[in-house]
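Here is a short briefing to read alongside the model. Have the sequence and the 3D view open, and let's walk through the fold, the cores, the rings and the charges.

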Amino acid sequence: MSAACRAPHSTDRSRSRSRAALLGAGAAVAALTLSACGSGGTSGGSGNTNFVAGSDGIATLGKGDRQDGPKIEGKTLEGEKLSLDDYKGKVVVLNVWGSWCPPCRAEAPNFVKVAKDTEDEGVQFVGINTRDNDKGPALAFEKDYKVPYPSLHDPMGKLMLRFPKGTLNPNYIPSTIVIDRDGKVAARSQQPLNEKKLRKMIDPLIAEK
């Protein structure tokens with residue numbers, strides 16, 4: 001056992017207080033780490049966005065309350081240029097993920113399945129890979145889960161900051177944003193999604209004319 005893992009034997013009060021402070025700081029760091037890659041929640045970010053949040057963690061906007069999505073473009077993990085402008089007229093599902101994030105791995109099979117099922121219905125999935133400075137693990141993630149759609153490489157989270165205030169909180173990974181056929185932000189989730197919840201976000205937008 002290393003010195004860092006061993007509990008001190010001294011009964012000195014100042015050392016006990018120092019140890020308690022260190023434990024408290026460690027607990028705080030752990031809590032921040034979990035919140036950064038966990039279930040997220042139904043809220044996050046600020047600003048009056050008019051989102052209507054459901055008990056399932058999915059927040060939606062009526063047509064009249066939607067804001068234009070930002071200009072999102074860059075290079076994919078494979079080094080190809082990609083712009084959301086290429087998908088005008090389609091429902092676009094943007095999923096923010098990282099290879100280091102266990103909830104992202106849990107939801108990946110659901111995204112792969114729904115992406116394939118809705119391809120012929122005018123839906124395009126796009127990933128935003130974040131906090132993976134090295135592309136290797138992210139590319140391995142795509143291979144492991146047979147991800148059929150591209151992911152923009154955004155290690156510093158700069159693309160997420162382009163979204164309207166209160167729309168996408170970069171502290172919640174994974175997060176999902178759905179953009180309607182007019183290029184407006186229509187729904188969001190700040191938690192991992194199963195197939196049922198993902199379809200719940202997408203189906204109403206597929207039906208819109």
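A salt bridge here is a side-chain nitrogen of Lys or Arg within 4 Å of a carboxyl oxygen of Asp or Glu. The side chains of K113 and D117 meet in one, at 2.9 Å from N to O. This is a predicted model, in which local features need pLDDT of at least 70 and side-chain atom pairs count only at pLDDT 80 or more, while totals for chains, interfaces and linings use all residues. Residues are numbered from 1 along each chain as its sequence is written, and side-chain values use heavy atoms, with hydrogens and water left out.

**Overall fold**
- The protein chain has four helices and nine strands, where helices (H or I, at least four residues) and strands (E, at least two) are DSSP runs numbered from the N terminus.
- Along the sequence, the pattern reads α-β-β-β-β-β-α-β-α-β-β-β-α.
- Of the 209 residues, 43% count as buried; buried means under 20% relative accessible area, exposed over 50%, and partly exposed in between (1.4 Å probe, protein chains only).
- Among contacts (heavy atoms within 4.5 Å) with a separation of 6 or more, 72% are between residues 24 or more positions apart.

**Nonpolar cores**
- A nonpolar core is a set of buried Ala, Val, Leu, Ile, Met, Phe, Trp, Tyr and Cys residues joined through side-chain atoms within 4.5 Å.
- The largest core has 28 residues, and L84, V92, L94, V126, F163 and I177 touch the most other members.
- Two or more residues of this core come from each of β5 (91-97), α2 (102-118), β6 (123-129), α3 (135-145) and β8 (175-179), with β5 giving the largest share, four residues.
- Leaving out residues up to four places away in sequence, L84 touches I72, V92, L94, V126 and I179.
- A second, separate core holds 20 residues, including V147, L193, M201 and I202.

**Aromatic pairs**
- Rings of Phe, Tyr and Trp (its six-membered ring) pair if their centres lie within 6.5 Å; planes under 30 degrees apart count as stacked, over 60 as edge-to-face and the rest as tilted.
- There are four aromatic pairs by this rule.
- W97 and F141 are stacked, because their ring centres are 4.4 Å apart and their planes lie at 25°.
- This pair joins strand β5 (W97) to helix α3 (F141), 44 residues apart, and both W97 and F141 are buried.
- F111 and F125 have ring centres 6.0 Å apart and planes at 90°, so they pair edge-to-face.
- Ring pairs also link W97, F141 and Y145 into a cluster.

**A buried aspartate**
- D132 lies in the loop between β6 and α3.
- D132 is buried without a salt bridge, and the nearest side chain of opposite charge, R105, is 8.0 Å away (Lys and Arg count as positive, Asp and Glu as negative; His and the chain ends are not counted).

**Salt bridges**
- The structure holds eight salt bridges.
- K113 and D117 are four residues apart in helix α2, so about one helical turn separates them.
- K113 is partly exposed at 38% relative accessibility, and D117 is partly exposed at 37%.
- In helix α4 (residues 195-207), D203 and R199 are also four residues apart, and their side chains form a salt bridge of 2.7 Å, N to O.
- D68 and K184 meet in a salt bridge of 2.8 Å, N to O.
- R66, D180 and E208 are linked in a salt-bridge network.
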